[in-house]
Amino acid sequence: MNAARCPQVVYLIVGTALLLFPASGSATGSSADHAARAHSMSSGKPAQVKAPNIYKRKAPRRPMPPEGILLKDLRTGQVLFEQNADLSMAPASLTKIMSAIVILEEGDLDDQVTVSRQAAAAHRTKLYLKPGQVLPLRGLLEAMLIRSANDACLAAVEHVGGDEESFVAKMNAKAAAIGLTRTHFQNACGFDMPDHFSTAEDLAVLTEYAMGHETFASIVREPAAVIRTTDQRKTYLARTTNRLMGTMDGVIGVKTGYTRGAGRCLITVVTRDGRELLLVLLNARQRWPRAHELIAYGLRAPAPATVVTSR
């Protein structure tokens with residue numbers, strides 16, 4: 001047969017040759033490539049493929065949310081250090097300082113409080129109170145300040161205010177009365193909510209006011225409290241959440257706080273070497289090292305001659 005007259009035969013011959021003898025570097029690869037593939041398949045390991053450089057670039061870091069800090073000498077009134085002190089931020093369980101003030105000023109600590117189902121169901125930090133248990137209001141106040149127990153907080157709030165909403169209205173009225181211009185409460189225990197905020201400056205004013213209550217000041221000094229139901233059938237131990245207590249001389253606990261939105265928070269008072277310092281930390285990066293650093297700085301700072309006697 002004449003090949004010139006039958007181009008189909010030529011194409012068939014050429015195609016067969018290409019299949020039998022692939023060119024070096026073609027899609028089918030060399031014999032070395034075949035060996036590598038065979039080794040990869042026999043070892044059960046996937047072939048290593050280098051990622052393009054574009055996929056190796058690190059994602060840009062998100063800006064860190066700000067810290068709110070205020071360090072004050074209470075005996076002179078001098079602010080020794082501040083950072084974003086007037087910025088509205090979530091206060092977490094530092095909220096309970098205001099709740100405690102309202103309870104102290106409008107409640108009777110000798111009252112016997114029946115724990116509701118709603119209070120017993122409060123989540124996160126709690127004593128694990130049971131519905132129907134009866135406890136003294138003083139014991140609930142100790143649990144909410146020392147342990148930051150949310151079930152104790154809500155039980156006390158419901159007893160004094162009738163319900164949480166009415167109690168929160170009292171909190172906001174008190175905030176306005178003592179001049180907390182950048183503070184608004186939306187719940188009594190400190191959970192994250194859109195209209196629940198304060199500042200380091202306002203919380204410092206709030207703490208000074210609260211420490212003027214002898215009962216408040218005595219409770220927050222304690223590292224632990226034993227709380228019993230009225231029938232004495234159940235005993236709870238509330239330990240402090242403040243790690244500075246027992247590790248640093250002169251520390252008065254006051255209050256800690258944490259939520260995902262607020263970060264790690266702390267208010268503490270330190271009395272040592274003739275100084276009385278108030279520290280407020282909101283959204284602290286490293287709460288305890290930061291507190292140690294700032295308190296040490298405050299104790300070293302020279303004290304001015306002018307003394308402020310009123311708070």
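Biologist: What should I know before reading the values?

Modeller: This is a predicted model, in which local features need pLDDT of at least 70, side-chain atom pairs count only at pLDDT 80 or more, and totals for chains, interfaces and linings use all residues. Residues are numbered from 1 along each chain as its sequence is written, and side-chain values use heavy atoms, with hydrogens and water left out.

Biologist: How many helices and strands does the chain have, and what makes a stretch a helix or a strand?

Modeller: There are 11 helices and 9 strands in the chain. Both are DSSP runs numbered from the N terminus: helices are H or I with at least four residues, strands are E with at least two.

Biologist: What share of the chain is buried, and what does buried mean?

Modeller: Of the 311 residues in the chain, 44% are buried. Buried means under 20% relative accessible area, exposed means over 50%, and partly exposed lies in between, with a 1.4 Å probe and protein chains only.

Biologist: Why is Leu94 called buried?

Modeller: Its relative accessibility is 0%, and the cut-off is under 20%, so Leu94 counts as buried. Leu94 is found in the loop between β2 and α4.

Biologist: What does Leu94 touch, and what makes a contact?

Modeller: Contact means heavy atoms within 4.5 Å. Leaving out residues up to four places away in sequence, Leu94 touches Leu203, Lys255, Thr256, Gly257, Cys265, Leu266, Ile267, Leu281 and Leu282. For the chain, 61% of contacts between residues at least 6 apart in sequence join residues at least 24 apart.

Biologist: Why is Gly261 called exposed?

Modeller: Gly261 has a relative accessible area of 54%, which is over 50%, so it is exposed. Gly261 sits in the loop between β7 and β8, and it touches Ala90 and Asp192, not counting residues up to four places away in sequence.

Biologist: What makes the phi of Ala92 worth a remark?

Modeller: Most residues other than glycine have a negative phi. Ala92 has a phi near 50 degrees, a positive value in a residue other than glycine. Ala92 lies in the loop between β2 (79–83) and α4 (95–106), and with a relative accessible area of 1% it is buried.

Biologist: What is the phi of Val254, and where is Val254?

Modeller: Val254 is not a glycine, yet its phi is positive, about 60 degrees. Its place is in strand β7 (residues 251–259), where Val254 is buried at a relative accessible area of 3%.

Biologist: Why is α9 called mostly covered?

Modeller: In α9, 9 of its 12 residues are buried. Those buried residues pack against β1, α4, α10 (214–220), β7, β8 and β9.

Biologist: How do you know that the buried residues of α11 line one face?

Modeller: The buried residues of α11 are Arg287, Trp288, Arg290, Ala291, Leu294, Ile295, Gly298 and Leu299. Seen down the helix axis they fall within an arc of 160 degrees, so they line one face of α11. The arc is that of the directions from the helix axis to the C-beta atoms. Elements that cover them include β1 (68–73), β2, β7, β8 (263–272) and β9 (275–284). One of the buried residues, Leu294, has 5% relative accessibility and touches Ile69, Leu71, Phe81, Leu279 and Leu281, not counting residues up to four places away in sequence.

Biologist: Why are α4 and α8 called roughly perpendicular?

Modeller: α4 and helix α8 (residues 164–177) pack at about 95 degrees, with axes 10 Å apart. Axes are lines fitted to C-alpha atoms, for helices over the stretch in contact, and angles between N-to-C directions run from 0 to 180 degrees. Under 35 degrees counts as roughly parallel, over 145 as roughly antiparallel, 65 to 115 as roughly perpendicular and the rest as oblique. The angle falls in the 65 to 115 range, so α4 is roughly perpendicular to α8.

Biologist: Which residues of α8 make the contact with α4?

Modeller: They are Phe167, Lys170, Met171, Lys174 and Ala175.
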